[in-house]
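Dear colleague,

I am handing over the structure below, and would be glad if you could look through it alongside the notes that follow.

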Amino acid sequence: MDADWWEPLYKRAFPTLASAVAVREDGWAQRGGIDRLLTLSCGRTYTVDEKVRMHDWPDVLLERWSDEQRRVPGWIQKPLAADFIAYAFVPAGMCLLLPVVPLQRAWRQHGRRWIGLYGTRAAQNPGYVSVGVPVPRAVLMQAIVEAMFVS
């Protein structure tokens with residue numbers, strides 16, 4: 001959250017960015033997945049949930065279970081208040097700006113198949129295990145585009 005590279009990334013994505021305020025207080029915003037509030041010069045605001053990968057993996061690790069044993073849904077499955085997931089790859093200095101609504105719709109449409117194709121990855125945390133599905137970037141981006149077509 002405090003990394004100095006976030007604001008330049010947001011300025012490239014939103015050229016009229018007026019402010020990028022970190023949401024630090026625990027409350028509805030943090031629990032809803034909001035890490036940052038972006039305000040454009042026109043007054044439009046966007047909320048962002050920030051995810052960071054410390055290696056340049058060729059996939060996006062979609063968190064299916066935040067706590068597998070207790071079946072606590074991860075960010076790909078639970079309702080989020082954020083407009084975007086900012087999914088950063090630190091070594092490349094690159095960020096995927098993923099729109100939450102089409103992203104989660106793509107998961108609902110393809111999640112079970114992706115689990116079968118790409119498997120899952122477990123991460124041991126203090127007192128719990130989270131589980132994600134590593135979906136190749138190109139596959140995920142195409143699914144997001146297709147999820148924006150509603151008939």
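**Ser130 and its surroundings**

Leaving aside residues up to four places away in sequence, Ser130 touches Glu63, Trp65, Ser66, Arg121, Ala122, Ala123 and Asn125, where contact means heavy atoms within 4.5 Å. This is a predicted model, in which local features need pLDDT of at least 70 and side-chain atom pairs count only at pLDDT 80 or more, while totals for chains, interfaces and linings use all residues. Residues are numbered from 1 along each chain as its sequence is written, and side-chain values use heavy atoms, with hydrogens and water left out.

Ser130 is buried, at a relative accessible area of 11% (buried means under 20%, exposed over 50%, partly exposed in between, with a 1.4 Å probe and protein chains only). The side chains of Ser130 and Asn125 are joined by a polar contact of 3.2 Å (a pair of N or O atoms within 3.5 Å, of which, within protein, one must be able to donate a hydrogen and the other to accept it; residues adjacent in sequence count only if both atoms are side-chain atoms).

Not counting residues up to four places away in sequence, Leu140 touches Val60, Leu62, Leu98, Leu103, Trp114 and Val135.
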